[in-house]
Structure formats: structure tokens, C-alpha cells
Amino acid sequence: KAALSALDGVLAAEKEAGISAGRVRLTVMWSFGMRTSIDGQVNGPGTFGFQDMVAGIADPQIAHYTPRSAQAELQQAFATRWVHGL
């Protein structure tokens, strides 16, 4: 939920300030701990967070999050600007 909110917040701030996305990439560092992804599809060290973002972008409600940005905007930013990190 926090990572979705952060991405959504950056997009909303850019829109409000009239800033175009440019070449800036966005990321969140995930723990290397063993966890299961929010959708139950992945279990492993660190990789759960990667799947959490995929599932959360596809359906923010899975994380109990209601985005300010349009679904298409979130998906576009994730596809073009997101970098997974450990």
C-alpha cells in the first residue's frame, strides 16, 4: 500500500506542478526477507515485493488503496518508469 501511495503521490504532484515525467525512474527497495506476495502468487526472498507491485498496479484494491491518479496513468508509469530493487 505504501509503495502504491508513493507512486500515486509522485504522479499527482507532477500533474499539479505541471511537470512532465521526463526520464526520471522510480523505485522502492524491498526487504530480502521471506514473504508471500499480497496476491499469494510468489513466495521468496525479496521477490514478493516485485509481485506486490504488479498485483497492486493491476488492482489497487488488493492493497486496500484507492489511487488519486487514473488506473491507466498508474499502469503507464509502472510500465515506463518503475525499476524493481532489492
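Predicted model: local features only at pLDDT ≥ 70, side-chain atom pairs only at ≥ 80, totals over all residues.

Biologist: Which residues of α3 are buried?

Modeller: In α3, which spans residues 71-81, they are Leu-74, Ala-77, Phe-78 and Arg-81.

Biologist: Why do we say that the buried residues line one face of the helix?

Modeller: Viewed down the axis of α3, they fall within an arc of 110°, so they line one face. On the face turned away from that buried side sit the exposed residues Ala-72 and Ala-79.

Biologist: How do you know that Asp-52 has no salt bridge?

Modeller: A salt bridge needs a side-chain nitrogen of Lys or Arg within 4 Å of a carboxyl oxygen. For buried Asp-52, the nearest side chain of opposite charge is Arg-35, at 6.2 Å, so by that cut-off there is no salt bridge.

Biologist: What does the side chain of Asp-52 reach?

Modeller: From helix α2, the side chain of Asp-52 reaches the backbone nitrogen of Ile-38 at 2.5 Å. A polar contact requires N or O atoms within 3.5 Å, so this distance falls inside the cut-off.

Biologist: Which residues have the most contacts inside the largest nonpolar core?

Modeller: Leu-4, Leu-7, Met-53, Ile-57 and Trp-82 do, in a core of 15 residues. Helices α1, α2 and α3 each supply at least two residues of this core, and α1 gives the most, with four. Beyond its neighbours within four places in sequence, Trp-82 is in contact with residues including Leu-7, Met-53 and Ala-77.

Methods:
Residues numbered from 1 in each chain as written. Heavy atoms only, no water. Buried < 20%, exposed > 50% of the residue type's maximum accessible area, 1.4 Å probe, protein only. Arc of directions from axis to C-beta. Lys, Arg positive; Asp, Glu negative; His and termini not counted. Polar contact = N/O pair within 3.5 Å; in protein donor to acceptor, adjacent residues only side chain to side chain. Core = buried A, V, L, I, M, F, W, Y, C linked by side-chain atoms within 4.5 Å. Contact = heavy atoms within 4.5 Å.
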